[in-house]
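Work through the exercises below with the model open. Try each task before reading its solution.

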Amino acid sequence: MLLHIPGLFAKDEVQRIRQALEQADWADGKVTAGFQSAKAKHNLQLPEGHPLAKEIGSAMLERLWKNPLFMSAALPHKVFPPLVNCYTAGGSFDFHIDNAVRQPKGSIERVRTDLSATLFFSEPEDYDGGELEIQDTYGTQRVKLPAGDMVLYPGTSLHKVNAVTRGARYASFFWTQSLVREDSQRALLFEMDGAIQQLTQDIPDHPSLIRLTGTYHNLLRRWVEV
């Protein structure tokens, strides 16, 4: 399941973030890549623990935990602290699959990467190329969202970032360990939750709402891992 989550940051917030990123000291993006991925990765990245990356990451997570769409789709259990990268001057990241387990620097905590996410900080017209290409059961999806918007997709997906040939593509990325490991089960629960919410708005006193909500929670109870 690939999901577009709009408007996590307002345009004025994005502008302030982008101005700060333009003044930041960047490192080689290979530092957080696995052995195979490092061969394909050509970008810049704020080091883990960088004050600006931590500030941006904290603001992102604060918004995500309050975002009904993210909470319903991801059913988050743990989140790897968001990282920040920049693609410019031909920078790209060829096809790869993210590592199954990530460990934040200086932490004993490990995060299973059930879901990957990218939050865009550059407007599409500010750079050429830089599309996030994700291969799924419906073919290749090309993603290039407005600044402040985020895409959420399965961590099992083969994906790449096309070369940026003009301008700079600033973004944040992170991984989520879900309470429900299987993507197909999460997708079913997401669709069911959406139907329950719509029915609650349309016919709030419908007698089937209690039974339908109970079925949702019984399925969640069957599949959840805590």
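The model is predicted: local features need pLDDT of at least 70, side-chain atom pairs count only at pLDDT 80 or more, and totals for chains, interfaces and linings use all residues. Residues are numbered from 1 along each chain as its sequence is written, and side-chain values use heavy atoms, with hydrogens and water left out.

**Exercise 1. The helix pair**

Task: Describe how α1 and α3 pack.

Solution: 
- Step 1. Locate the helices: α1 covers residues 11-22 and α3 residues 51-64. Helices are DSSP runs (H or I, at least four residues) and strands are E runs of at least two, numbered from the N terminus.
- Step 2. Take the geometry. The angle is about 160° and the axes lie 11 Å apart. Axes are lines fitted to C-alpha atoms, for helices over the stretch in contact, and angles run from 0 to 180 degrees between N-to-C directions.
- Step 3. Classify the angle. α1 is therefore roughly antiparallel to α3 (roughly antiparallel means over 145 degrees).
- Step 4. List the contact (heavy atoms within 4.5 Å). α1 supplies Glu13, Ile17, Ala20 and Leu21; α3 supplies Leu52, Ile56 and Arg63.
- Step 5. Sort by class: 5 nonpolar, no polar and 2 charged residues. Ala, Val, Leu, Ile, Met, Phe, Trp, Tyr, Cys and Pro count as nonpolar, Asp, Glu, Lys and Arg as charged, and the others, Gly among them, as polar.

**Exercise 2. Three annotated residues**

Task: Where does UniProt place the "binding site" feature that includes His96?

Solution: 
- Step 1. Read the record. The unreviewed UniProt entry puts this feature at His96, Asp98 and His159. Such annotations may be inferred rather than shown by experiment.
- Step 2. Check the spacing. The three span 64 residues in sequence, yet no two of their C-alpha atoms are more than 8.7 Å apart, so they gather at one spot.
- Step 3. His96 belongs to strand β7 (residues 92-96).
- Step 4. His96 has a relative accessible area of 7% and is buried (under 20%; exposed is over 50%, partly exposed in between, with a 1.4 Å probe and protein chains only).

**Exercise 3. Arg169**

Task: Is Arg169 buried or exposed?

Solution: 
- Step 1. Find the residue. Arg169 sits in strand β16 (residues 164-178).
- Step 2. Read the record. The unreviewed UniProt entry annotates Arg169 as "binding site".
- Step 3. Apply the cut-off. Relative accessibility is 2%, so Arg169 counts as buried.
- Step 4. Inspect its surroundings. Beyond four places in sequence, Arg169 touches residues including Asn85, Tyr87, Phe120 and Tyr127.

Notes: Parallel < 35°, antiparallel > 145°, perpendicular 65-115°, else oblique.
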